[in-house]
Amino acid sequence: ATMKGGTITVSDFYDEAKLESSNQSLVQRMIIYKVFNNKYGDKVTDKQVDAEYDKQAKSLGDTFESQLEAAGYTKDTYKEYIRNNLAFEAGLKAHVDITDDDLKTAWKSFHPEVEAQIIKLSSEDEAKDVKKSADDGDDFSKLAKDKSTDTTTKEDGGKVKFDSTTTTVPAEVKEAAFKLKDGQVSDVITSTNASTYTTEYYVVKMVKNQNKGNDMDKYKKELKEIATDTKLSDSTFQNKVIGEVLKDANVKIKDKDFENVLSTFTSDSSTASSK
């Protein structure tokens, strides 16, 4: 910024600030959200927003409010952020077209629902002790009640049902569990908690595993869900949809310093990458 008599004017600051890449991407995000809100906002209900808000609040527990504050949100602006994301997701979903190939790919990673018991522990030593006790013939349900740190399952002896699409059970736990035979107890499974980045330890007992067989049609609903989620999280697909929606909305940018802010999505080359 050029200094005028030792003071920086607002417009100097603005000229400088808008060239910073983080601000360019902020503007990009604001425009995208606005356009998606205009087009798909009516697909998002207050009920959905509140449910998502409560889910976040529950998963972060007592730290939720301080984390909101640290990230610069109030309750209302965070709900606004959730609403934006849901409108964006609704817009992406409207463009999802699942092919047979997509279903076949989903089928490869799919595992049908199993019944198991899990014990979650906060240290590897405790997990090893539990594994040893289980191998020595101690009752697994009792071990879960006594030792598990998972408050939602421990009272019920760690009982849980899940398939490969279940998000409440860590991927590492699912993967290890699917390999077990009925009645078999896993080795200690190490997993990183995605929201707290802490390491967690699990011991799993398989109650009833099942083979998926060869009939894809039986699981069409689940496979569609997997294929849809895969598409939604694919950045190439996202960029393509954003490009189409922006083109439809006919967004014009008047400020020349921002004229390239949407070029990632609106240039005709299909290999657009974010700058």
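The model is predicted. The protein chain holds twelve helices and four strands. Of its 275 residues, 35% count as buried. Among contacts between residues at least 6 apart in sequence, 69% join residues at least 24 apart.

Two packed helices are described by the angle between their axes and the distance between the axes.

- Helix α3 spans residues 46-60, and helix α5 spans residues 75-94.
- Their axes come within 9 Å and cross at roughly 115°.
- That angle makes α3 roughly perpendicular to α5.
- The crossing of α3 past α5 is right-handed.
- From α3, the contact uses Asp 46, Gln 48, Val 49, Asp 50, Glu 52, Tyr 53 and Gln 56.
- From α5, the partners are Lys 75, Tyr 78, Lys 79, Ile 82, Arg 83 and Leu 86.
- By class, the residues of this contact are five nonpolar, two polar and six charged.

**Packing of α7 and α8**

- Helix α7 covers residues 124-135, and helix α8 covers residues 140-147.
- The two pack at an angle of about 155°, with axes 10 Å apart.
- Angles over 145 degrees count as roughly antiparallel, so α7 and α8 are roughly antiparallel to each other.
- The α7 and α8 crossing is right-handed.
- Val 130, Ser 133 and Ala 134 of α7 meet Phe 140, Leu 143 and Lys 147 of α8.
- The residues of the α7 contact with α8 comprise four nonpolar, one polar and one charged.

**Nonpolar cores**

In soluble globular proteins, nonpolar side chains tend to be buried together.

- The largest nonpolar core has 20 residues.
- Those with the most contacts inside this core are Ile 32, Phe 36, Phe 88, Ile 242, Leu 246 and Leu 262.
- Helices α2 (21-40), α5 and α11 (235-249) are the elements that give two or more residues to this core.
- The largest share, six residues, comes from α2.
- Leu 246 is in contact with Ile 31, Val 35, Val 251, Leu 262, Phe 265 and Thr 266, leaving aside neighbours within four places in sequence.
- A second, separate core has 14 residues, including Ala 116, Val 160, Val 169 and Ile 189.

Most residues other than glycine have a negative phi.

- Asn 250 is not a glycine, yet it has a positive phi of about 55°.
- Asn 250 sits in the loop between α11 and α12 (263-266).

- Thr 190 belongs to strand β3, which runs over residues 189-192.
- Its relative accessibility is 42%, so Thr 190 counts as partly exposed.
- Leaving aside neighbours within four places in sequence, Thr 190 is in contact with Glu 172, Thr 199, Glu 200 and Tyr 201.
- Thr 190 and Ser 123 lie 67 residues apart in sequence, and their C-alpha atoms are 9.7 Å apart in space.

Notes: Residues are numbered from 1 along each chain as its sequence is written. This is a predicted model: local features need pLDDT of at least 70, side-chain atom pairs count only at pLDDT 80 or more; totals for chains, interfaces and linings use all residues. Side-chain values use heavy atoms; hydrogens and water are left out. Axes are lines fitted to C-alpha atoms, for helices over the stretch in contact, and angles run from 0 to 180 degrees between N-to-C directions. Angles under 35 degrees count as roughly parallel, over 145 as roughly antiparallel, 65 to 115 as roughly perpendicular and the rest as oblique. A crossing is left-handed if the near helix is turned anticlockwise from the far one by less than a right angle, and right-handed if clockwise. Contact means heavy atoms within 4.5 Å. Ala, Val, Leu, Ile, Met, Phe, Trp, Tyr, Cys and Pro count as nonpolar, Asp, Glu, Lys and Arg as charged, and the others, Gly among them, as polar. A nonpolar core is a set of buried Ala, Val, Leu, Ile, Met, Phe, Trp, Tyr and Cys residues joined through side-chain atoms within 4.5 Å. Buried means under 20% relative accessible area, exposed over 50%, partly exposed in between (1.4 Å probe, protein chains only).
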